[in-house]
Amino acid sequence: MESFALLNATVFVGDGSILEKAVVLVEKGRIVKVSKLDSTTIPAGFSRIDLDGLFLMPGLIDAHLHLTGMRSGDSVKEHLLVPYETLVARAVKDLESLINAGFTTIVDAGGSIAVNLKKAVQEKTIVGPRIVAAGPSLSQTFGHGDAHYLPIDYVDPRTSKFKTPFGSLICDGVDECRKAARYALRCGADFIKIMSTGGVLSEKDRPEQVQFTMEEIQAIVQEARHAGTFVHSHAQGTEGIKNALLAGVKVIAHGIFIDEECCELAKKLDAIVVPTLSIVEHIMRFGKEIGIPEWGLKKSEEVYRAHVENIKLAYQRGVKLATGTDFLGGIKAFRQGDNALEILLFVEKLGMKKEEALVCATKHAAEAAGLSKQVGTIEEGKLADVIVLEKNPLEDVESLLNEKNVVMVMKEGEIVKNLL
């Protein structure tokens, strides 16, 4: 494997700090030195890449999305009429779009495609970000993951002969929840995804409604811990957020109705909230045009303002936030590759400083992925997941949405995109 000396860049370390005119040495896929250029001797055998005037930072991370291969908001049509193999082929192209946009790690928060594509990425059969995947999510009967518009025997992959990019393990009671968690791990899950509330894009429930009992969630958390991993919960309503936190869930997704008490719990328990502002933003902008059903549009309109205000409260109270879009794949909306929108929304909607938003997209998102010891910062010993930008996002954060601004992408020390 080639060794590199990345010279003269402005380096965003990932913890908010900046190094001007720095050098980053990469050897055997890892960062071996980060320092001022004038104090560093470049070892023999290192290929020099002069990045004078460019911005170098850790690879971006989307801590909550779904590789579905969908191209519209009409999930019924996509699930029932588009061949599953077509959806997989589209997801492969979505992975290319993500890596070209500077995303070197993604967290797939439930679905059948990513958990099976991650090996193809690992063995370099296809090009894409590192995939951390939940596999099939866990939902109670009549829960957010129980696709209410489908016959129930189509929903659970353990019983269904119908292939869908989503699908949930339907489980009720402590014993069924334990078994479902073990089944998800058997499928190759890197973490367990659960639904502790209803949602916006589930037809017959609501975000405020509590799902799973505390005992059920605790059983799932215990199974995850036994396997050395964690639980990530779809949690939109206040009580469902609180239940998930108290039961030991590490990652709270969405958090629409998070309140002061939940904020204090999240801080005390060192949990991470992934707000996914982007998907609701796109539903509000494009929902009707792309085929989002009327019930989804109506609920989105009802919660949009509260979502932003409550996440702003969480930010102001010091809750650890990470970027995640909940994007599903699409053309006009939810397109994989446009995921830096969440960084922009953290700045525009929450009032974050740009450097804080970048920390949420790197260091915090790595923690939400369970990879904080491996990626997320430019530090000695970590994997060399590095991107180089033509424009400085601390001056123009919107430039992150232009993939042409991403002039180099390095993943584990290998250059996978180079426009220099």
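Mentor: Let's begin with Leu80: at 39% relative accessibility, this residue counts as partly exposed, because that class runs between 20% and 50%. Keep in mind that we're looking at a predicted model.

Trainee: Okay, and where does Leu80 lie?
Mentor: Leu80 lies in helix H1.

Trainee: Which residues form the nonpolar patch on the surface?
Mentor: Leu80 is one of them, along with Val76, Leu81 and Tyr154. Together they have about 350 Å² of accessible area.

Trainee: And what gives the most to that patch?
Mentor: Helix H1, residues 75-81, gives the most, with three residues.

Trainee: Switching to charge: which residues gather in the negative patch?
Mentor: That patch on the surface brings together Glu348, Glu395, Asp396 and Glu398.

Trainee: Where is Asp396 found?
Mentor: Look at the loop between strand E16 (386-389) and strand E17 (406-411); Asp396 is there.

Trainee: Buried or partly exposed, that Asp396?
Mentor: Partly exposed, because its relative accessibility is 30%.

Trainee: New topic, the strands. How many bridges join E2 to E3?
Mentor: Six bridges, and the two strands run antiparallel. Strand E2 covers residues 18-27 and strand E3 covers residues 30-36.

Trainee: Which residue in E3 is the bridge partner of Ala22?
Mentor: Lys36 is the partner of Ala22.

Trainee: What do E2 and E3 form, and what's in the turn?
Mentor: They form a hairpin with two residues between the strands. Lys28 sits in the turn and has a positive phi of about 55 degrees.

Trainee: Speaking of positive phi, what's the value for Phe212?
Mentor: Phi of Phe212 is near 65 degrees, and the residue is not a glycine. You'll find Phe212 in the loop between strand E11 (192-195) and helix H6 (214-226).

Trainee: Is Phe212 buried or exposed?
Mentor: Phe212 counts as buried, because its relative accessibility is 3% and the cut-off for buried is under 20%.

Trainee: What about Asp270, what's its phi?
Mentor: Near 55 degrees, again a positive value in a residue other than glycine. Asp270 is found in the loop between helix H8 (260-268) and strand E14 (272-274).

Trainee: And is Asp270 buried or partly exposed?
Mentor: Asp270 has 42% relative accessibility, so this residue counts as partly exposed, whereas Phe212 counts as buried.

Trainee: Great, thanks for the tour!

Definitions and conventions. Residues numbered from 1 in each chain as written. Predicted model: local features only at pLDDT ≥ 70, side-chain atom pairs only at ≥ 80, totals over all residues. Heavy atoms only, no water. Patch = residues over 30% accessible without salt bridge, like charges linked within 9 Å, V, L, I, M, F, W, Y side chains within 5 Å. Areas by Shrake-Rupley, 256 points an atom, 1.4 Å probe, with all protein chains shown as cover. Salt bridge = Lys/Arg side-chain N within 4 Å of Asp/Glu carboxyl O. Helix = DSSP H or I, 4+ residues; strand = E, 2+ residues; numbered from the N terminus. Buried < 20%, exposed > 50% of the residue type's maximum accessible area, 1.4 Å probe, protein only. Lys, Arg positive; Asp, Glu negative; His and termini not counted. Charge placed at Lys NZ, Arg CZ, Asp CG, Glu CD. Pairing = 2+ DSSP bridges.
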